[in-house]
Amino acid sequence: MTEPAIEVTEVWKKFPMTRNHPGFKEFIVNLPRFAGRNGKTGFFALKGVNLLVKKGECVGIVGRNGAGKSTLLSLVLGTLRPTAGRVRVTKKITPLLELGAGFHPDLTGRENVFINGVLLGLTMRETAMRMDAIEEFAEMKEFMDMPVRTYSSGMYMRLAFSVAIHAEPVILLIDEILSVGDRSFQKKSKDALLTLIRQGVTTLFVSHNGQSVKEICDRVVWLDHGEVAGDGMPDDILARYDSSSS
């Protein structure tokens, strides 16, 4: 059997309560949700989640707000650690979660491309070789030597997206980023992602857009209150998810 690219085994993730002293009524009402297995106050964002993603597979993650989707991506990325269970990833990850999180506002677009390229695993030479393609895809050639603080939010996101998809990703984590830019750029972004997926890039794709999930994903996992409520073919799981929301 081929080794999976991503393996999530019986993963629980607990967060503490944000309020130190809830009222008595709030405490009683929420006790089943917020009482952890060790008796300490908190809530579980994920509860015994299992997920196997094969190399080259594109898996969509759907669920209502608060279902645990972004928590799952953060655990796979390694920015969070599970409270219990195990997360195993076999290759380098390129995240499309918070685009441009490493951009410095006082540096130029070009300087930020070099920094982000290195953060995503490229060498300076490799980043320089891709610079023209990054500029062209982002439609930013005339702005590359201006400070990023002068950019609009759309320009900022387009450049960050372009750097990420040119970083030779092996595993992509995508969280609601296909709304970057205008309609034309959104189509270009989706086409670029489809090309990467068809080339064998393993992908976890979080979205509330069912049509995008159907177009991009081989399989869909539905999270509901931190648990896997469904795992299967996109049409089947999305139909069940949509009917549960109506």
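**Helix packing and backbone geometry**

Modeller: Helix 4 and helix 5 pass each other in a right-handed crossing, a term used when the near helix is turned clockwise from the far one by less than a right angle, with left-handed used for anticlockwise. Helices (H or I, at least four residues) and strands (E, at least two) are DSSP runs numbered from the N terminus. This is a predicted model, in which local features need pLDDT of at least 70 and side-chain atom pairs count only at pLDDT 80 or more, while totals for chains, interfaces and linings use all residues. Residues are numbered from 1 along each chain as its sequence is written, and side-chain values use heavy atoms, leaving out hydrogens and water.

Colleague: How are helix 4 and helix 5 oriented to each other?

Modeller: Their axes, which are lines fitted to C-alpha atoms over the stretch in contact with angles from 0 to 180 degrees between N-to-C directions, come within 8 Å and cross at roughly 135°. Angles under 35 degrees count as roughly parallel, over 145 as roughly antiparallel, 65 to 115 as roughly perpendicular and the rest as oblique. Helix 4 and helix 5 are therefore oblique.

Colleague: Into which classes do the residues of the contact of helix 4 with helix 5 divide?

Modeller: Contact means heavy atoms within 4.5 Å, and on that basis Ala-133, Ile-134, Phe-137 and Ala-138 in helix 4 meet Arg-158, Leu-159, Phe-161, Ser-162, Val-163 and Ile-165 in helix 5. Here Ala, Val, Leu, Ile, Met, Phe, Trp, Tyr, Cys and Pro count as nonpolar, Asp, Glu, Lys and Arg as charged, and the others, Gly among them, as polar. The residues of this contact of helix 4 with helix 5 divide into eight nonpolar, one polar and one charged.

Colleague: At what angle do the axes of helix 3 and helix 4 cross?

Modeller: Helix 3 passes helix 4 in a right-handed crossing, and residues including Val-113, Phe-114 and Gly-117 in helix 3 meet residues including Thr-127, Met-131 and Ile-134 in helix 4. The axes of helix 3 and helix 4 come within 10 Å, and they cross at roughly 125°.

Colleague: Is His-225 buried or exposed?

Modeller: His-225 lies in the loop between strand 8 (219–224) and strand 9 (227–232), and its phi is near 50°, a positive value in a residue other than glycine. With a relative accessibility of 57%, His-225 counts as exposed.

Colleague: What is the phi of Glu-10?

Modeller: Glu-10 belongs to strand 1 (residues 6–15) and, at 41% relative accessibility, is partly exposed. Its phi is positive in a residue other than glycine, with a value near 45°.

Colleague: What is the relative accessible area of Ile-237?

Modeller: Ile-237 is found in helix 8 (residues 234–245), and, leaving aside neighbours within four places in sequence, its contacts are Val-220, Trp-222, Gly-230, Asp-231 and Gly-232. Ile-237 is buried, with a relative accessible area of 0%.

Methods. Buried < 20%, exposed > 50% of the residue type's maximum accessible area, 1.4 Å probe, protein only.
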